[in-house]
Amino acid sequence: MISVVVLISGSGSNLLSLLQKSENPLYPAKIVAVGSDKNAPGLEHAELYEVDTFVVSPERFATKELWAATLLANVQHHQPDLVVLAGFMKVLPANFVAALKGKLINIHPSLLPEFKGAHAVRDALRAGATKTGVTVHYVDEGVDTGEIIVQSEVAIEPNDTEAVLHERIKKVEHELLASTIEQIAYKQLPALKL
Ligand code: GRF
């Protein structure tokens, strides 16, 4: 059983899916805490599942590094084996990433290296792509540049809006993130660095 801290900024549908899956005693990961950079709506999922939460807002710190050091202290307090960015929308500075190297993964709604950044779904639609997808990757100091662990394709339909496409992508995200964490827990991934 591995222990996991999840960081979110938004609605937390990936978090909710993980919380639901980890109710199954056969699922090999336990969510020990959920953190955010703001009072994100998704924190309510953690509260319902009686999982500890913490919020560390960048506005309260003089520098990004000081903010990240406090965020890191809150994460490390829970001694996680793995830290999952599931819709965490702030770029984490080098001090945070270095301290968690190989233990920090992100889920992104495109087939990286295509469509990096915060508007990946919109950018894929605007580019006229016929397919996009989901990537789970290790986090490095860049934005969506870390080593790719796994990817899954999602077709783009002619009448897709950003919202419709993103919902379809999220369904794939929920399964891919859960199965990736499971593989990490069972040390089945070739790139495993835990
Ligand atoms: C997901 O599409 C994730 O890939 C991206 O942000 C979104 C978060 O969605 N990084 P949710 O908060 O889990 O619903």
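The side chain of Ser11 places an N or O atom 2.9 Å from an oxygen atom of the ligand. Gly12 contributes through its backbone, with an N or O atom 2.8 Å from an oxygen atom of the ligand. The ligand taken alone exposes 370 Å², and the protein buries 91% of that (accessible areas by the Shrake-Rupley method with a 1.4 Å probe; for residues, only the protein chains shown count as cover).

Residues are numbered from 1 along each chain as its sequence is written. Because the model is predicted, local features need pLDDT of at least 70 and side-chain atom pairs count only at pLDDT 80 or more, while totals for chains, interfaces and linings use all residues; side-chain values use heavy atoms, with hydrogens and water left out.

## The shell around the ligand

The shell around the ligand consists of Ser11, Gly12, Ser13, Asn14, Gly87, Ile107, His108, Pro109, His166, Lys170 and Glu173 (a residue is near a molecule or strand if one of its heavy atoms lies within 4 Å of it). By class, two of these residues are nonpolar, seven polar and two charged. In this classification Ala, Val, Leu, Ile, Met, Phe, Trp, Tyr, Cys and Pro count as nonpolar, Asp, Glu, Lys and Arg as charged, and the others, Gly among them, as polar.

The space taken by the ligand is the largest pocket (a molecule sits in a cavity or pocket if more than half of its atoms lie within 2 Å of its grid points). Two or more residues of the shell come from each of α1 (13-21), β5 (104-108) and α6 (162-185), and α6 gives the largest share, three residues. Helices (H or I, at least four residues) and strands (E, at least two) are DSSP runs, numbered from the N terminus.

## The largest pocket

On a 1 Å grid over the protein atoms alone, a pocket is an open set of points with protein on both sides within 12 Å along at least five of seven lines, whereas a cavity is a set where a 1.4 Å probe fits but cannot get out; lining residues have an atom within 4 Å of a point. The largest pocket has a volume of about 700 Å³ (grid points are joined across faces, edges and corners, and a volume is the space filled by probe spheres set on the points). Among its 39 lining residues, Gly87, Phe88, Met89, Asn106 and Ile107 are the closest to its centre.

Helix α6 gives the most to this lining, with four residues. By class, the lining has 15 nonpolar, 16 polar and eight charged residues.

Strand β2 (residues 29-36) supplies the largest share, four residues.

The largest cavity, of about 30 Å³, is lined by Val4, Leu18, Ser22, Tyr27, Ala29, Ile31 and Ile181. Six of these residues are nonpolar, one is polar and none is charged.

## The loop between β5 and α5

Leu112 and Pro113 are joined by a cis peptide bond, with omega about 10 degrees; Pro113 lies in the loop between β5 and α5. Phe115, also in the loop between β5 and α5, has a positive phi of about 55 degrees although it is not a glycine.

Notes: Polar contact = N/O pair within 3.5 Å; in protein donor to acceptor, adjacent residues only side chain to side chain.
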